[in-house]
Amino acid sequence: MIAKEDAIEVLCLLTTWRVKFMKMGDLSGNEVMVLRAIINRREQGEPDFTMSMLSETIDATKSAVSQLIGKLEEKGFVERYMAKGDRRVVCVKMTDGGKSSYGTFRKGLDGMFNQYVQMMGEDDTETLIRLIKKSDEVFSKLVEEKK
């Protein structure tokens, strides 16, 4: 039987991994998440995010998103602008600097992941990915049932 302490240890390990991966460059984990969401939206041919839509997408409060966007603006990675149809609506788009910084982050992450796969082996890495995906599905289901 798996002890409660094992579950806590797994969660701590996953958090540690996230922190280690996100310390690659000048972006925080939350900033990477925002930039990735913006890139995904663009790749899908969708218009720029409104602040409200971005808040829903990354599951953060509007205040937290506003602070994140402020930090990314200071770094020159995103720009805010008023929607043409409704000047009360604020939209966000990525700048060339943001694309470049995210691209640099991704290259570093990809290189590190390639080394990770070499050290872990392809079979173990594939098993780990499959288990993490399955775990995410289970946790998502449990969270949804708690609502």
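I begin with the surface of this predicted model. A nonpolar patch is formed there by Val10, Leu11, Leu13, Leu14, Trp17, Ile132, Val138, Phe139 and Leu142. Together these residues have about 770 Å² of accessible area.

Which helices each supply at least two residues of this patch? They are α1, spanning 4–22, and α6, spanning 122–146. The largest share comes from α1, which contributes 5 residues.

Valine 10 lies in helix α1.

I turn now to the helix packing. A pair of packed helices is described by the angle between the two axes and by the distance separating those axes.

Consider α2, residues 29–43, against α3, residues 51–58: the packing angle is about 110°, and the axes are 11 Å apart. Helix α2 is therefore roughly perpendicular to α3, as angles of 65 to 115 degrees are placed in that class. The crossing of this pair, α2 and α3, is right-handed.

Helix α2 also packs with α5, residues 96–120, at an angle of about 110° and with the axes 11 Å apart. These two helices, α2 and α5, are therefore roughly perpendicular as well. What is the handedness of the crossing where α2 passes α5? In this case the crossing of α2 and α5 is left-handed.

Definitions and conventions: Residues are numbered from 1 along each chain as its sequence is written. This is a predicted model: local features need pLDDT of at least 70, side-chain atom pairs count only at pLDDT 80 or more; totals for chains, interfaces and linings use all residues. Side-chain values use heavy atoms; hydrogens and water are left out. Patches are made of residues with over 30% relative accessible area and no salt bridge: like charges are joined within 9 Å, nonpolar side chains (Val, Leu, Ile, Met, Phe, Trp, Tyr) within 5 Å. Accessible areas come from the Shrake-Rupley method with a 1.4 Å probe; for residues, only the protein chains shown count as cover. A salt bridge is a side-chain nitrogen of Lys or Arg within 4 Å of a carboxyl oxygen of Asp or Glu. Helices (H or I, at least four residues) and strands (E, at least two) are DSSP runs, numbered from the N terminus. Axes are lines fitted to C-alpha atoms, for helices over the stretch in contact, and angles run from 0 to 180 degrees between N-to-C directions. Angles under 35 degrees count as roughly parallel, over 145 as roughly antiparallel, 65 to 115 as roughly perpendicular and the rest as oblique. A crossing is left-handed if the near helix is turned anticlockwise from the far one by less than a right angle, and right-handed if clockwise.
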